[in-house]
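Subject: Handover of the model, with notes

Dear colleague,

Please read them with the model open beside you.

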Amino acid sequence: MDKIVVRGGNKLEGEVNISSAKNSVLPIIAASILSGDKCVIDNAPMLEDVNVIGEILKSISAKVDINRDNNKIIIDTSSIANCEPDSELVKKMRASFLLMGPMMSRFGSFKISLPGGCNIGTRPIDLHLKGFTALGAKVTIGHGYVKGVADRLIGNNIYLDFPSVGATENLMMAAVMAEGETTIENAAAEPEIEDLGKFLNEIGANVIGAGTDTVRIIGVKKLKGTTHRPIYDRIEAGTFMASAAITRSKIKINGVIEEHLKPIIAKLTEMGVDIKIEGESAIVDATKELKPIDIKTMPYPGFPTDMQAQIMAILCSVKGTSVITETIFENRFMHVSEMKRLGCNIKIDGRSAVIEGVDNLTGTQVKATDLRAGAALILCGLIAEGCTEVTDIYHVDRGYVKIEDKFKNLGADIKRTN
Ligand code: EPZ
């Protein structure tokens with residue numbers, strides 16, 4: 001299995017280009033099922049998760065062409081023959097659940113294997129299923145599968161107990177061809193949901209307010225193909241901002257939408273990082289003394305849980321006491337024990353982690369427990385004395401395109417080995 005080896009101590013300099021957003025592309029690929037036509041995704045990120053969802057679509061007879069040379073994905077869903085995607089593939093990735101809404105909308109049914117374990121929490125889907133039921137579907141769970149059947153989907157008002165990203169996306173997709181109007185209240189407002197709303201309207205749907213806490217969907221009869229260019233990945237951009245901060249460097253990040261990064265920019269600025277936006281680029285200057293801060297992860301536009309591990313890595317190197325509270329997932333501190341092996345001083349107290357900055361970290365072998373934890377351990381490796389080996393790097397490859405090449409181009413002493 002691949003691992004990434006980082007020799008710490010190098011400052012970073014130069015520029016890095018951000019890829020398109022994983023958490024935009026995955027729901028958009030699922031939504032292509034609705035079109036029954038050919039959809040093209042330009043500037044697509046060549047990620048492991050994209051390969052997996054492509055294979056899942058092929059398992060229900062869609063035609064999927066992932067062209068790595070020109071970062072283009074062409075999907076033809078006119079030939080989809082069934083609504084029971086391959087279970088082994090589905091278990092690989094929680095985002096497989098995003099197929100439920102589109103399959104129910106187009107074919108009136110789905111049968112999906114329940115996922116395997118997940119390192120950051122139980123990841124229930126009760127809000128998805130409650131919403132499908134509100135639209136007139138009959139949903140059952142049994143024998144390791146979740147099934148949905150609906151002779152016809154009828155628009156309704158749905159209030160989400162929690163602004164779940166996946167539930168908001170699934171219900172938007174389930175409602176696009178339902179009879180009448182659907183309103184989703186207390187919807188998740190992440191930028192990736194606004195991007196999905198744009199894609200749905202490009203294929204002929206009528207979605208209003210995607211990216212706000214109230215989304216209205218007026219059912220239409222037929223949808224068609226389109227070509228779509230997803231938004232940049234705000235979490236990848238945040239991760240590279242964090243790399244400048246932890247190494248006290250100055251770098252330029254190309255592929256930044258300022259609005260999407262506001263919570264991340266606000267907290268890094270509070271820490272003492274200087275961030276200047278120039279068009280779709282950010283000049284990140286962290287060469288001054290940084291100070292400890294407190295952070296609480298929240299649904300967008302609050303501070304993103306997907307940046308929690310990365311900002312913790314920075315705070316481990318900042319003199320003083322910082323507190324991070326994780327309010328989104330019940331088990332998203334798996335990276336703490338790995339960071340402590342590098343010499344970080346972190347104490348977990350329920351949903352909070354108390355971090356005491358230390359003068360230096362020392363390299364050793366550590367394990368990526370999930371995608372963002374792996375990225376955070378690489379960040380620690382950039383400053384740890386000696387070599388840090390991050391194993392189980394497949395987690396990181398799910399959400400970052402060639403992360404070691406991007407860091408190498410910024411001057412890091414980093415390589416991938418197997
Ligand atoms: C999406 O996951 C993202 N994944 C996650 O990114 C991200 O961390 C998360 O949203 C929160 O922003 C994709 O977009 C593919 P949720 P999702 O439903 O949709 C609870 C990454 O690193 N909940 O908003 O699964 C749930 O348990 C990944 O890129 C229910 O209780 O997240 C969690 O505590 C990790 N019932 C909270 O809501 C439900 O039916 C947030 O989950 C659904 C969710």
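**Cysteines**

Cys 380 is buried, with a relative accessible area of 0%; here buried means under 20% relative accessible area, exposed over 50%, and partly exposed in between, with a 1.4 Å probe and only protein chains counted. This is a predicted model, in which local features need pLDDT of at least 70 and side-chain atom pairs count only at pLDDT 80 or more, while totals for chains, interfaces and linings use all residues. Residues are numbered from 1 along each chain as its sequence is written, and side-chain values use heavy atoms, with hydrogens and water left out.

The cysteine sulfur closest to that of Cys 380 belongs to Cys 344 and is 4.5 Å away, which is too far for a bond. With a disulfide taken as a pair of cysteine sulfur atoms within 2.5 Å, the count comes to 0 disulfides. Cys 387 is likewise in no disulfide, the nearest cysteine sulfur being that of Cys 380 at 15 Å, and Cys 387 counts as partly exposed at 32% relative accessibility.

**The ligand and its surroundings**

The ligand is surrounded by 21 residues, of which the closest are Arg 94, Asp 126, Ser 164, Asp 306 and Ile 328; a residue is included if one of its heavy atoms lies within 4 Å of the molecule. The shell divides into 9 nonpolar, 5 polar and 7 charged residues, where Ala, Val, Leu, Ile, Met, Phe, Trp, Tyr, Cys and Pro count as nonpolar, Asp, Glu, Lys and Arg as charged, and the others, Gly among them, as polar.

Polar contacts are pairs of N or O atoms within 3.5 Å; within protein, one atom must be able to donate a hydrogen and the other to accept it, and residues adjacent in sequence count only if both atoms are side-chain atoms. An N or O atom in the side chain of Arg 94 is 2.6 Å from an oxygen atom of the ligand, and a polar backbone atom of Val 165 is 2.8 Å from a ligand oxygen. For Arg 332, a polar side-chain atom lies 3.3 Å from an oxygen atom of the ligand. On its own the ligand has 830 Å² of accessible area, of which the protein covers 88%, the areas coming from the Shrake-Rupley method with a 1.4 Å probe and, for residues, only the protein chains shown counting as cover.

Two or more residues of this shell come from each of helix H1 (22-35), helix H5 (126-134), helix H6 (165-175) and helix H12 (371-383); helices (H or I, at least four residues) and strands (E, at least two) are DSSP runs, numbered from the N terminus. H5 gives the most, with 3 residues.

H6 is mostly covered, since 10 of its 11 residues are buried, including Gly 166, Glu 169 and Asn 170. Its N-terminal end is capped by Ser 164, which has a side-chain oxygen 3.5 Å from the backbone nitrogen of Gly 166.

Ser 20 is found in the loop between strand S2 (15-17) and H1 and counts as buried at 2% relative accessibility. A polar atom of the Ser 20 side chain lies 2.6 Å from the backbone oxygen of Asn 43. Leaving aside residues up to four places away in sequence, Ser 20 touches Asn 43, Pro 45, Pro 230, Ile 231, Tyr 232 and Asp 233, where contact means heavy atoms within 4.5 Å.

With best regards
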